[in-house]
Amino acid sequence: MSVTESWSRVMSLLREHAPADHADLPGPATEQMLAAAEERMGISLHGDLRTWLLQNNLDLPEGDVDDEVACCGFDGFPDEGSFFLGIRAMERLYANHPLSGGSEWREEWIPFQSDRDGWMGQFIDARDGRIGRWFVGAPTVTGEYASLAHYFDSVAEMLTRIGAGDYPVCSVAEGRLVWS
């Protein structure tokens with residue numbers, strides 16, 4: 001399955017099971033936004049990441065950004081405590097990653113999911129599209145998923161289980177994902 005198909009499946013399930021959360025998500029990034037971010041970061045986005053951002057750029061509106069935290073995003077999606085990053089948030093975390101400057105972080109890793117502090121999250125390797133995970137104070141895991149599409153398939157499976165009432169740490173109330 002392609003990243004477009006996998007993300008479309010995630011969005012369909014979110015719209016079905018948590019329509020209020022789905023309605024909050026913004027529209028796509030533009031090619032100009034992505035090109036400008038690539039220039040500032042000094043790295044080309046992997047094709048899957050580019051395709052995803054052209055479907056949904058999950059940056060918060062400017063007025064909702066909290067300058068006191070490392071990262072901002074739509075709380076509670078894809079899980080409790082972490083969120084997908086939009087291009088502005090990716091760029092900010094890429095430039096200020098807590099592991100950068102050492103042997104634990106590589107320039108070609110572009111974060112796409114994080115917690116508020118930037119202490120943990122997931123990244124896409126710009127060279128080959130594999131998905132990895134970092135956690136400050138623990139070893140970085142590379143190749144956790146073969147691609148962004150594979151990762152989104154896992155999110156879709158989680159949303160399917162939530163919709164079926166078979167995911168003990170999450171339910172839906174008033175059209176929103178509620179984590180316990």
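User: Which residues does His-97 touch, leaving out those up to four places away in sequence?

Analyst: His-97 touches Trp-105, Gly-118 and Trp-134. Please note that this is a predicted model.

User: Where is His-97 placed?

Analyst: His-97 is in the loop that runs between helix H5 (87-95) and strand S3 (109-114).

User: Does His-97 count as buried or exposed?

Analyst: His-97 counts as buried because its relative accessibility is 3%, and the cut-off for burial is under 20%.

User: Turning to helix H1, how many residues has it, and what is its reach?

Analyst: Helix H1 covers residues 3-17, which makes 15 residues. From its first C-alpha to its last it reaches 21 Å, close to the 21 Å expected at 1.5 Å a residue.

User: Which residues of H1 are buried?

Analyst: The buried residues of H1 are Val-3, Ser-6, Trp-7, Val-10, Met-11, Leu-13, Leu-14 and His-17. Seen down the axis of H1, these residues fall within an arc of 165 degrees, so they line one face of the helix.

User: And what covers the buried residues of H1?

Analyst: The cover includes helices H2 (19-24), H4 (47-53) and H6 (148-163). Strands S2 (82-84), S7 (170-173) and S8 (176-179) also belong to it.

User: What about helix H3: which of its residues are buried?

Analyst: In H3, residues 31-41, the buried residues are Leu-34, Ala-37, Glu-38 and Met-41. Down the axis of H3 they fall within an arc of 100 degrees, so they line one face of the helix.

User: Which exposed residues does the face of H3 turned away from the buried side carry?

Analyst: That face carries Gln-32, Glu-39 and Arg-40. As for the buried residues of H3, what covers them includes H4, H5 and S3.

User: What follows H3?

Analyst: Gly-42 follows H3, and its phi is positive, near 75 degrees.

User: A change of topic: what is the volume of the largest pocket?

Analyst: The volume of the largest pocket is about 210 Å³.

User: How many residues line the largest pocket, and which lie nearest its centre?

Analyst: The lining of the largest pocket has 14 residues. Those nearest the centre are Asp-79, Gln-113, Arg-133, Tyr-151 and Met-158.

User: What is the lining of the largest pocket by class?

Analyst: The lining has seven nonpolar, five polar and two charged residues.

Definitions and conventions
Residues numbered from 1 in each chain as written. Predicted model: local features only at pLDDT ≥ 70, side-chain atom pairs only at ≥ 80, totals over all residues. Heavy atoms only, no water. Helix = DSSP H or I, 4+ residues; strand = E, 2+ residues; numbered from the N terminus. Expected span 1.5 Å × (residues − 1). Buried < 20%, exposed > 50% of the residue type's maximum accessible area, 1.4 Å probe, protein only. Arc of directions from axis to C-beta. Contact = heavy atoms within 4.5 Å. 1 Å grid on protein atoms, 1.4 Å probe; cavity = no way out; pocket = protein on both sides within 12 Å on 5 of 7 lines; lining within 4 Å. Points joined across faces, edges and corners; volume = space filled by probe spheres on them. Nonpolar A, V, L, I, M, F, W, Y, C, P; charged D, E, K, R; others polar.
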